[in-house]
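Biologist: I'd like to learn how to read a model like this one, feature by feature. Can you walk me through it?

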Amino acid sequence: MNKLKSVFISLICVALIGCATRTTTTGREFDASKLGDIKKKVTTSDELVGLLGQPFSKSVKSEDEVIWYYSWVKVTSTARMGWNAPIVKTEGYKKNLEVLIKNGVIVNYTFDEGPFQIESREGSK
């Protein structure tokens, strides 16, 4: 019975070692459904903070222009052993909003959202 138990535990360990999954989130979550409330050349940066919260980062473009970046990404990576190299599959969902603000008023913005997937063989040439 002990030998059977040892074989069973060994098989479980091998199965667990053969595959690993990890989920990570980066950026700052924001409600994309509120983008319709943004009016170019009308909405102020203070109003934008009220709608979406503080941006993930900011970049000064000129003396009177600044770009605010809202970004959020959730990624799940799964690694498993292939025949000759590990295979890493990464899939997730992203939301990116870039807002151009001039003298405290939103001039323009671009928004990109959607799923993505990448699969690679680590160590293969």
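Predicted model: local features only at pLDDT ≥ 70, side-chain atom pairs only at ≥ 80, totals over all residues.

Biologist: Let's start with the layout. How many helices and strands are in the protein chain?

Modeller: Count the elements, then read their order. Here you get two helices and five strands, and from the N terminus on they run α-β-α-β-β-β-β.

Biologist: And what share of the residues is buried?

Modeller: Of the 125 residues in the protein chain, 23% are buried. The accessible surface is about 8900 Å², with 56% of that belonging to carbon and sulfur atoms. For contacts, look at sequence separation: among those between residues at least 6 apart, 59% join residues at least 24 apart.

Biologist: Which residues form the largest nonpolar core?

Modeller: A core is read as a connected set of buried nonpolar side chains. The largest one here has 12 residues: F30, A32, L35, I38, L48, L52, W68, Y70, L97, V99, I101 and I106. Helix 2, strand 3 (65-81) and strand 4 each give two or more residues to this core, and strand 4 has the largest share, with three.

Biologist: Now aromatics. How many aromatic pairs are there?

Modeller: Ring centres and plane angles are the things to check. The count comes to two aromatic pairs. F30 is in the loop between strand 1 and helix 2 while F111 is in strand 5, so the pair ties together parts 81 residues apart in sequence.

Biologist: Is F30 buried or exposed?

Modeller: F30 is buried, at a relative accessible area of 3%, whereas F111 is partly exposed at 31%. Ring pairs link F30, Y70 and F111 into a cluster.

Biologist: Where does K95 lie?

Modeller: For a charge over a ring, you check both the distance to the ring centre and the direction relative to the ring normal. K95 lies over the face of F30, 4.8 Å from the ring centre. K95 also lies over the face of W72, at 5.4 Å from that ring centre.

Biologist: What about backbone angles? Which value of phi does K41 have?

Modeller: Look for positive phi at residues other than glycine. K41 has a positive phi of about 65° and isn't a glycine. K41 sits in the loop between strand 1 (19-27) and helix 2 (45-52), and counts as exposed because its relative accessibility is 67%. N103 is another non-glycine with positive phi, about 50°. You'll find N103 in the loop between strand 4 and strand 5 (105-121), exposed at 58%.

Biologist: Last one, T90. Is T90 buried or exposed?

Modeller: Compare the accessibility with the cut-off. T90 is at 15% relative accessibility, so T90 counts as buried, given that buried means under 20%. T90 belongs to strand 4 (residues 86-102).

Biologist: Which side chain does the side chain of T90 make a polar contact with?

Modeller: That partner is the side chain of S77, at 3.2 Å. Leaving out residues up to four places away in sequence, T90 touches V75, T76, S77, F116, Q117 and I118.

Terms used
Residues numbered from 1 in each chain as written. Heavy atoms only, no water. Helix = DSSP H or I, 4+ residues; strand = E, 2+ residues; numbered from the N terminus. Buried < 20%, exposed > 50% of the residue type's maximum accessible area, 1.4 Å probe, protein only. Polar contact = N/O pair within 3.5 Å; in protein donor to acceptor, adjacent residues only side chain to side chain. Contact = heavy atoms within 4.5 Å. Phe/Tyr/Trp six-rings, centres within 6.5 Å; stacked < 30°, edge-to-face > 60°. Lys NZ or Arg CZ within 6 Å of the ring centre and 35° of its normal. Core = buried A, V, L, I, M, F, W, Y, C linked by side-chain atoms within 4.5 Å. Areas by Shrake-Rupley, 256 points an atom, 1.4 Å probe, with all protein chains shown as cover.
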